[in-house]
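I opened the notebook today to look up how the parts of this complex meet one another. My entries follow in the order in which I checked things.

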Protein chains: 2
Amino acid sequence: MDNKDLKQEVTDKYSLRGRVFHRIREDILNGKYADHEELKEVAIGEELGVSRTPVREALRQLELEGLIQIIPNRGAYVVGISADDVRDIYMIRSKLEGLCARWACEKISNEQMEALEEIVYLSDFHAEKGHMDQLAELDSRFHTTLYESCNSKMLEHLLKDYHQYVWRVRQRTLAGKRGKDSNNEHRAIMEAIRDKNPDLAEEIANRHMLNAYDNMVKNGLLEMLSKEADKEKEQITKKGKKSKN
Amino acid sequence: MDNKDLKQEVTDKYSLRGRVFHRIREDILNGKYADHEELKEVAIGEELGVSRTPVREALRQLELEGLIQIIPNRGAYVVGISADDVRDIYMIRSKLEGLCARWACEKISNEQMEALEEIVYLSDFHAEKGHMDQLAELDSRFHTTLYESCNSKMLEHLLKDYHQYVWRVRQRTLAGKRGKDSNNEHRAIMEAIRDKNPDLAEEIANRHMLNAYDNMVKNGLLEMLSKEADKEKEQITKKGKKSKN
DNA sequence: TTTTGTATGATTGTATACAATAATGCATTT
DNA sequence: AAATGCATTATTGTATACAATCATACAAAA
């Protein structure tokens with residue numbers, strides 16, 4: 001699993017706070033906490049065997065990431081991803097993945113180029129055999145490698161963020177027959193970059209995202225997301241919680 | 001001045017931490033702290049009259065924003081914006097402002113449309129009179145209004161972040177004769193949105209960013225940025241500080 | 001002179017104590 | 001029965017105390 005340390009290359013996982021941060025983040029992304037569930041500092045602290053301080057710091061960071069909402073003197077609440085959010089993210093990613101692929105044409109290193117090729121061929125193999133979890137893992141590695149090869153810390157950071165953000169949804173997507181199509185698109189992107197054809201690379205990477213999103217919609221993979229996450233969030237802000245834990 | 005509360009609509013400025021967060025952030029953006037300067041918790045706490053706790057929480061958030069880098073057990077250091085960063089941001093913004101303008105064609109409200117028109121006409125007035133600081137303020141308002149009118153919390157959030165990030169640089173830019181050109185582009189964007197022409201709106205908004213960046217380069221406005229910010233940053237990570245404060 | 005080791009001080013990491021605020025339950029009133 | 005007021009409890013906000021880590025200075029050895 002490589003969906004750790006996508007943030008903060010230095011600080012993390014050597015401090016309690018870093019570990020708490022990643023733990024809560026993963027728990028939210030994996031659905032351990034339901035949308036709008038309240039995260040209590042002492043409860044989390046006890047569960048992880050730490051005091052409130054590192055938990056608080058982690059929560060403050062998660063708020064900035066948009067995964068939770070903190071209401072002063074009230075508490076921290078999980079913010080759900082709405083179907084609209086997913087759509088917006090894929091449209092944004094479409095543009096940015098295109099930019100990334102374009103830049104990669106110029107900036108990619110030989111090692112990274114070989115890594116991309118290897119991932120594509122490996123994915124073919126696992127797609128034939130029907131190893132869907134491996135496929136999801138390889139998809140992550142393909143995109144992460146691409147992000148690193150564009151030679152822009154800003155863009156890399158941004159794309160990794162979004163990639164992680166839709167991780168839960170994305171995994172279900174690749175379990176279907178989209179896996180094979182997706183990898184064919186990966187191959188096309190890889191080849192365009194290998195041929196140093198930035199216009200083509202951008203174009204294909206662009207479409208790759210749009211296709212991924214279309215597939216999700218067609219297969220009803222967004223049904224599970226509350227379409228009203230934002231409205232409910234505002235209600236909480238004004239009114240008050242109603243769960244009794 | 002409207003470059004406050006661009007983040008965290010709820011939490012802020014009612015808590016000590018929120019105020020500390022914004023204060024340090026502004027101080028960094030305004031150049032009070034030099035690149036790579038160490039931010040000490042007690043010193044900041046004393047200056048603002050608070051204890052270490054809210055300062056620490058604010059620093060953790062600033063790290064996630066990328067404005068500072070925290071090295072475990074060592075300290076928090078200001079991360080400079082390199083010329084490369086600015087270039088990347090403008091390329092990214094070019095794509096995203098285009099997307100925003102496109103979406104605004106469909107989603108903008110009547111009030112927002114009128115606000116845009118008013119800003120454009122007001123800018124004309126101040127450009128004639130040579131009121132450059134007002135022009136910068138109106139530029140901010142134009143873009144902020146546009147961000148809000150695209151009806152996407154994700155995109156709005158992202159663009160406001162970047163807008164704020166290059167705020168310091170941008171202000172110097174508009175002081176030159178670019179101000180008038182910039183406003184003409186604003187007018188073209190506004191009219192395309194008014195005419196519900198998404199393709200044109202996206203195209204113009206796209207170019208608007210590229211032109212802004214070109215102008216910055218031509219006028220040597222990026223010279224003041226250390227082109228090696230990233231490398232120096234990594235040196236700090238590995239080696240150690242050398243300032244004696 | 002350079003290097004290495006150690007002691008000291010400075011700074012951050014974590015835990016805990018206390019204060020402030022909000023939620024809850026219950027009694028009282030209407 | 002519904003609404004209001006008050007007391008109690010729970011939870012967060014902030015400050016402080018202590019532990020752990022790192023930087024620095026200086027002395028001793030090569």
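Before listing any atom pairs I noted the rule for a polar contact: a pair of N or O atoms within 3.5 Å, where within protein one must be able to donate a hydrogen and the other to accept it, and residues adjacent in sequence count only if both atoms are side-chain atoms. I also noted that this is a predicted model, in which local features need pLDDT of at least 70 and side-chain atom pairs count only at pLDDT 80 or more, while totals for chains, interfaces and linings use all residues. Residues are numbered from 1 along each chain as its sequence is written, chains are lettered from A and ligands numbered from 1 in the order in which they are written, and side-chain values use heavy atoms, with hydrogens and water left out.

Entry on the DNA. With that rule I looked up the phosphates of DNA strand C, and found a polar side-chain atom of Arg60(B) at 2.6 Å from a phosphate oxygen. I then listed the residues near the strand (a heavy atom within 4 Å of it) and found 21 around DNA strand C, with Leu16(A), Thr53(A), Arg74(A), Arg56(B) and Arg60(B) the closest.

Entry on the two chains. Leu64(B), Lys95(B) and Met154(B) supply 22% of the area that chain B buries against chain A, more than any other three residues. Counting contacts (heavy atoms within 4.5 Å), I found 32 residues of chain B touching 32 residues of chain A.

Entry on charged pairs. Taking a salt bridge as a side-chain nitrogen of Lys or Arg within 4 Å of a carboxyl oxygen of Asp or Glu, I noted six across the interface of chain B and chain A. I wrote down the one between Arg56(A) and Glu57(B), whose closest N and O atoms are 2.9 Å apart.

Key:
Buried area = accessible area lost by both parts, 1.4 Å probe.
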